[in-house]
Amino acid sequence: MKASISIASLVVLMVMAAVDWRPCIRKAHALDQDDETAQANLDVDPAMVEDMAVAAEKTYQATAAGYDMGTEVLANVYVWSRRWLDAERKLAKNEAEDLVALKAHRERMKLLMTKVRALFNLGAKGGEQERYFATRYYLAEANALLAAAKSHDAPQRKVVVSFRGPKGMVVRWQERSQVEYDSEPLACPGRHEFLEGRLYFLQFSGVGTVKLEALLDLSNASEEPLPVELTIGDVKKIATRHWMRQVFFRRDSSDVDIATDWDEERLAAGLQRDHEVLAVLDIGPQ
């Protein structure tokens, strides 16, 4: 019996490894509608919802700390982040505040996945396959919720993105579908016009057998093209389970500046306080 259970568990893990984690994006709008329905049922005094948000935040922080110490369950970190998100969305006075709450939840899930992924790469306790795939789902769901929110009444100004090197790299993105990369392949160097205010899922390939996935969040339009440039070294580092974040921002002049960091969670927030952030690009391994 023990042998049968072990074999069955192995099969489940193999199936999880083979299944693309992105199809949850298919349910983005359904998830968004479910959230709106749940929030509509919370038609109570805003002060009560504020208490819920404060309690959820404190519980999330305690749960996340407990998970780091090995005394808390992974799923509870996700649950309390979602409850915190739900309360914040109920309190949001406008679309901008709603997006802030969604982005904050996404950052929490990305941080959680980064921690589990590091242990997964080391083969250490806490980095078991089921935990790693669970955190990938948490992040994919957070991306889907954010994409669904940003698709509502988004501005239509065009943003030119210039993809540069390495030579032979090909870029595809989700243009009409939220399930697959359905654009025509764009060889680097090349340019494409995207729409301001949207969230795009991209795929980079063509450098050996490496495939990378990316999330492009276009916040504001720019007269100058946004240069997305990768080196062979960048591609190799990302392929070994790293994440690279590029933040495109504007200082006093109209020139576009770029800040790059690896596995950095606060980069965009810090620049947002002092400059106009045009776009944020997160690139990770597929």
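**Exercise 1.** State which residue of β7 stands opposite Arg164, and describe the strands around this position.

*Solution.* Step 1: Arg164 stands opposite Glu229 in β7. Strands here are DSSP runs of E, at least two residues, and helices are runs of H or I, at least four residues, both numbered from the N terminus. The model is predicted, so local features need pLDDT of at least 70 and side-chain atom pairs count only at pLDDT 80 or more, while totals for chains, interfaces and linings use all residues. Residues are numbered from 1 along each chain as its sequence is written, and side-chain values use heavy atoms, without hydrogens and water.

Step 2: Strand β1 (residues 158–164) runs parallel to β7, and 4 bridges join the two. Two strands pair if DSSP finds at least two bridges between them.

Step 3: The open sheet has 3 strands in the order β4-β1-β7, with mixed pairing. Its edge strands, β4 (190–195) and β7 (226–229), each pair on one side only.

**Exercise 2.** Determine the order of the open sheet of 7 strands and its edges.

*Solution.* Step 1: The order is β3-β2-β5-β6-β10-β8-β9, and the pairing is antiparallel.

Step 2: β3 (186–187) and β9 (256–262) are at the edges with a single partner strand each, so one side of each has no neighbour in the sheet.

Step 3: β8 (residues 244–250) pairs with β9 over 7 bridges in the antiparallel sense. Phe249 stands opposite Asp257 in β9.

**Exercise 3.** Describe how α3 and α4 are arranged relative to each other.

*Solution.* Step 1: The axes of α3 (residues 46–69) and α4 (residues 74–91) come within 8 Å and cross at roughly 155°. Axes are lines fitted to C-alpha atoms, for helices over the stretch in contact, and angles run from 0 to 180 degrees between N-to-C directions.

Step 2: The two helices are therefore roughly antiparallel to each other, a term for angles over 145 degrees.

Step 3: Contact means heavy atoms within 4.5 Å. Among the contact residues are Pro46, Tyr60 and Tyr67 of α3 and Leu74, Trp80 and Leu91 of α4.

**Exercise 4.** Classify the aromatic pair of Phe120 and Tyr132.

*Solution.* Step 1: The structure holds 9 aromatic pairs. Rings of Phe, Tyr and Trp (its six-membered ring) pair if their centres lie within 6.5 Å; planes under 30 degrees apart count as stacked, over 60 as edge-to-face and the rest as tilted.

Step 2: Phe120 and Tyr132 are stacked, at 4.4 Å centre to centre with 15° between the planes.

Step 3: Phe120 belongs to α5 (residues 95–122) and Tyr132 to α6 (residues 129–150), so the pair ties together parts 12 residues apart in sequence.

Methods:
Parallel < 35°, antiparallel > 145°, perpendicular 65-115°, else oblique.
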